[in-house]
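User: Could you walk me through the model I have open here? I'd like to start with its pocket.

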Amino acid sequence: ISGDMVVRDASLWLRHRVGGSKGVVLASSGITTSMVWFGGFQGVGSLYWENLDGLRAANAIYSAPDPDSARALLARRGVTHLAFVAWNAGLAAAQDAANAADGTTGRGFLGGLEERVMAGRLDSLPPWLAPLPYEPATVAGYPHPVVHLFEVVPDQRPEVAWARMAEFHHAVKNADGMDAALARSLAIAPNVPALALKAQIDRAEGRAEEFRAAVASLRAELAK
């Protein structure tokens, strides 16, 4: 399967999720351009000669040294979603280009985060960034999943952040990751997304008693 097909699928999936909302995507320049085309999104650093201001803004975001400064710049540009793609070198490559142009060194927060995510380390996400439960096609020669989509959200409570991590692992069929994240979420506090996922899993695996208990707990949380 080609890279364009994978990015097209990710763009259409995300467009279906956000519906009629405009959506503003931050990714590397080439991926941003593809998501604008396939998904009808707005982008910050798309590769058009008229977009000099956007490319400068993208470089500033890539260079932001910490989560707070990155978040402030994302908010200034109205960014709603981030996309990391395995074969693209991504935000880290854009940071390297910005460093070469400016004569600077170092890695911005988002470039470093992308490298960790693509290495399978999702344990350092800030509370304002939620992984989305999207599973791309498997691409030979690259670790699965090859695309990670994130939503920029208000600060999540820890139990909700872990529940969303469990939803992500469930989507990409990482049972161990899902079980660990779900257990951490429910150990912190009962919450709707974790209990809904637990009920779904219990029912699918035929655990009738556990399913009824999860539904009862879910109803109690919804009644609060």
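User: Which elements each supply at least two residues of the lining of the largest pocket?

Analyst: In this predicted model, β4 (129-131) and α7 each supply at least two lining residues, helices being DSSP runs of H or I with at least four residues and strands runs of E with at least two, numbered from the N terminus. Residues are numbered from 1 along each chain, local features need pLDDT of at least 70, side-chain atom pairs count only at pLDDT 80 or more, and totals for linings use all residues. Side-chain values use heavy atoms, with hydrogens and water left out.

User: Which one gives the largest share?

Analyst: The largest share, four residues, comes from α7.

User: And what is the lining like by class?

Analyst: The lining has ten nonpolar, two polar and one charged residues, where Ala, Val, Leu, Ile, Met, Phe, Trp, Tyr, Cys and Pro count as nonpolar, Asp, Glu, Lys and Arg as charged, and the others, Gly among them, as polar.

User: Switching to α7 and α8, which residues meet?

Analyst: From α7, P158, E159, W162, A163, M165, A166, H169 and H170 meet G177, M178, A181, L182, R184, S185 and I188 of α8, contact meaning heavy atoms within 4.5 Å. By class, this contact has nine nonpolar, four polar and two charged residues.

User: At roughly what angle do their axes cross?

Analyst: The axes of α7 (residues 158-171) and α8 (residues 175-188) cross at roughly 160° and come within 8 Å, with axes fitted to C-alpha atoms over the stretch in contact and angles running from 0 to 180 degrees between N-to-C directions. Therefore α7 is roughly antiparallel to α8, a label for angles over 145 degrees.

Key: Parallel < 35°, antiparallel > 145°, perpendicular 65-115°, else oblique.
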